[in-house]
Amino acid sequence: MPDGPPADRGAPVTGTGSLINPANIITFARLCAVPLAFWLMLAHRIDQAFFLFVAAGLSDALDGWLARRYGGNSIGAMMDPVADKALLVTMYITLAAVNVLPDWLAILVVFRDLVIVGGVVILFVMGNAVAIKPLYISKLNTVMQILLVAVSLLEGGFGLGLPIVRTLLIWSVAATTLASGAAYVWNTARGD
């Protein structure tokens, strides 16, 4: 699940194009899986949420491949990162709500995304064009976030004991979230 602008999908963007194509259908299905993931977590069906999370990751790879192979469009390029972020944010909020992850971490992850999106919206409203370029630290942050969700779901859903790994991932996610949020703010303030 990439972190960054719609162009991250890796597909040549060819305009608005048709809404109905295989890549967009898969992306839309992933977006529709978000409420199901939320419900599974609240119903304490964490094992099933793990399989849904894995399926979402595989679908992300598949729709990206299809978009690169057959050409993507601006609809899919916008919908893909929205589906990815919606799933990750939902997982962090619900994992905190069911006491699998610390509340402060979920707040930090959500706050970082709100600062980035809010900043882009404010600058756009003020008439400033903003092109967010994905940063290495942001990509690392996304990988750490995904790994932490997967490990937390494995622990919570299947009773696997990985407390040291989970603790290391919690602090890695916290550090990379702070670093990537600060880097985006710094780059935007400098006009990069």
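Biologist: Is Ala 67 buried or exposed?

Modeller: This is a predicted model, in which local features need pLDDT of at least 70 and side-chain atom pairs count only at pLDDT 80 or more, while totals for chains, interfaces and linings use all residues. Residues are numbered from 1 along each chain as its sequence is written, and side-chain values use heavy atoms, with hydrogens and water left out. Ala 67 is found in helix α2, residues 46–70, where a helix is a DSSP run of H or I of at least four residues, numbered from the N terminus. Because its relative accessibility is 0%, and buried means under 20% relative accessible area, exposed over 50% and partly exposed in between, with a 1.4 Å probe and protein chains only, Ala 67 counts as buried.

Biologist: What distance separates the C-alpha atoms of Ala 67 and Ala 23?

Modeller: Along the chain these two residues are 44 residues apart.

Biologist: Which residue's side chain does a polar contact of 2.6 Å join to that of Arg 30?

Modeller: Arg 30 is found in helix α1, residues 22–42, and is buried, with a relative accessible area of 2%. Leaving aside neighbours within four places in sequence, Arg 30 is in contact (heavy atoms within 4.5 Å) with residues including Ser 59, Asp 60, Asp 80 and Asp 84. A polar contact is a pair of N or O atoms within 3.5 Å, where within protein one must be able to donate a hydrogen and the other to accept it, and residues adjacent in sequence count only if both atoms are side-chain atoms. The partner at 2.6 Å is Asp 63.

Biologist: How many residues are in the largest nonpolar core?

Modeller: A nonpolar core is a set of buried Ala, Val, Leu, Ile, Met, Phe, Trp, Tyr and Cys residues joined through side-chain atoms within 4.5 Å. Among the members that touch the most others are Met 41, Phe 53 and Leu 153, and α1, α2, α3, α4, α5 and α6 each supply at least two residues. The number of residues in this core is 34.

Biologist: Is Leu 42 buried or partly exposed?

Modeller: Leu 42 has its place in helix α1, and its C-alpha is 8.8 Å from that of Leu 95, which is 53 residues apart from it in sequence. Because its relative accessibility is 41%, Leu 42 counts as partly exposed.
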